[in-house]
Amino acid sequence: MSLFKTYAGLSRDIYYLCLARTINSTGDFVFSLITLVLTLQMGMNVVSAGIFVSMAALISGPGVLLGGYLSDLMGKKTIIVIGQLLSAILIISCSFWSGTITVGYLLIAVMFFISITRPAYNALIIQLCTEEKERKSAFSLMYLGANLGIAIGPLIAGFFIKDHVNIVFISIGTVFLISTFIIINQVKIGTRKELASTSSEHAGQQEQQRSSQPPSPLFRLLLKNPLVAFFIVVSFLNYFIYMQYSFSLPLQMNHSFGENGAAYYGSVMTINAISVIILTTVILSATRKLTALNSIATGALFYGIGFGALNLLGTFPHFSIVALSTVLWTIGEILVQTNINLYIASRVPDTHQGRFNGLLLFVGCLGYTLSPYLTGIFIRSMDMESVWIIILAVSLFYALSMTILWYIEKSSTRRNEMKPLDHSKSI
């Protein structure tokens with residue numbers, strides 16, 4: 001229990017925001033829901049269902065960009081509330097069109113409005129937390145809560161989705177409404193702003209900027225912050241690597257274990273979920289003094305070692321290798337996913353957090369979209385196990401990029417040519 005002291009000292013607003021995100025994430029499996037509803041309930045073939053899933057994935061890109069822009073323009077909390085309310089209304093309305101193709105299009109719209117809230121959630125955490133250590137704890141708590149919700153939601157829905165899909169629709173909509181109600185009533189942005197302004201004059205200046213200046217063009221901001229732009233572009237590699245768990249890994253299980261591959265892949269997901277729940281707090285406590293870039297670089301190394309170990313399956317096709325690999329790349333997942341927003345947070349003022357987080361999530365959508373296609377080319381060109389050597393190389397390059405970025409910033413700070421506060425003021 002002493003490990004959970006890591007999360008002590010956060011503001012009341014952060015705890016309620018993380019609670020809302022945890023509750024919300026129990027219904028946050030729209031991708032899977034689209035596939036299951038269209039194939040199980042309507043009997044649609046896999047290819048046609050795949051088109052709907054791809055449409056939902058593609059629409060997420062514009063969604064996070066629009067959500068980031070609007071959260072800077074209208075406020076983070078406002079966009080979260082609007083996005084979740086519209087999602088709730090649409091997904092509840094699916095129960096009225098159950099068994100028709102309309103459900104597929106409604107779920108795509110739900111995915112769009114869910115994606116709008118993503119950058120707003122990240123930007124709101126950054127706005128509510130005034131120190132980097134506090135932000136690190138908040139993002140870790142948010143990540144842990146979201147994973148708990150994602151693990152519980154599909155498990156419960158699985159009992160109802162085939163014969164009582166309307167119950168699933170209404171339940172998910174209700175979950176979104178409960179989450180939204182918590183945010184409306186318990187997350188008090190004004191109170192936190194006043195506390196932040198009294199403890200930090202810089203935060204107060206940012207608030208003044210937000211109310212008096214319209215959002216600046218995103219491209220101009222990136223030109224003024226080349227290191228932040230470099231970080232966002234290179235972060236494509238994170239999402240490219242992480243997507244391997246849902247594309248290449250099940251293929252590897254089938255290749256190595258034949259007809260038992262699906263069962264083994266289910267075990268991998270269980271190991272991943274348990275590892276996230278057990279290790280997130282431990283890792284946060286152990287890496288509390290590391291900078292965001294150092295944590296991400298370390299996480300990339302664990303990505304590489306974990307996924308690279310799967311190359312051994314060509315010689316030793318034992319599930320024990322897969323289990324150890326899963327724990328290792330899950331450590332990498334925790335390190336990267338809980339720190340990736342921190343670098344931007346300390347270099348971008350509150351007036352622009354939404355757009356920068358939206359752009360980062362957009363790059364993530366590109367990574368998730370292109371990773372299966374590019375990896376499929378690798379698999380077709382070589383044997384299955386050799387792909388993991390490529391993933392190892394990509395992970396090492398990602399770690400090296402983060403290390404170089406850290407060294408550049410450290411050297412610049414020593415020469416007084418770049419300081420974090422001055423850098424963010426340049427925007």
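At what angle do the axes of helix α4 and helix α7 cross? They cross at roughly 160 degrees and come within 8 Å. The model is predicted, so local features need pLDDT of at least 70 and side-chain atom pairs count only at pLDDT 80 or more, while totals for chains, interfaces and linings use all residues. Residues are numbered from 1 along each chain as its sequence is written, and side-chain values use heavy atoms, without hydrogens and water.

**Helix packing**
- Helix α4 covers residues 76–93 and helix α7 residues 165–186; helices are DSSP runs (H or I, at least four residues), numbered from the N terminus.
- Axes are lines fitted to C-alpha atoms over the stretch in contact, with angles from 0 to 180 degrees between N-to-C directions.
- The crossing angle makes α4 roughly antiparallel to α7 (over 145 degrees).
- The crossing is left-handed (the near helix is turned anticlockwise from the far one by less than a right angle).
- Residues of α4 including Ile80 and Leu85 meet a set in α7 that includes Phe169 and Ile183 (contact means heavy atoms within 4.5 Å).

**Aromatic residues**
- The structure holds 12 aromatic pairs (ring centres of Phe, Tyr and Trp, the last by its six-membered ring, within 6.5 Å).
- Phe307 and Trp388 form a stacked pair, 5.7 Å centre to centre with 10 degrees between the planes (stacked means under 30 degrees).
- Phe307 lies in helix α15 and Trp388 in helix α19, 81 residues apart.
- Both Phe307 and Trp388 are buried (under 20% relative accessible area, 1.4 Å probe, protein chains only).
- Tyr242, Tyr245, Tyr303, Phe307, Trp329 and Trp388 form one aromatic cluster.

Conventions
Phe/Tyr/Trp six-rings, centres within 6.5 Å; stacked < 30°, edge-to-face > 60°. Helix = DSSP H or I, 4+ residues; strand = E, 2+ residues; numbered from the N terminus. Buried < 20%, exposed > 50% of the residue type's maximum accessible area, 1.4 Å probe, protein only. Parallel < 35°, antiparallel > 145°, perpendicular 65-115°, else oblique.
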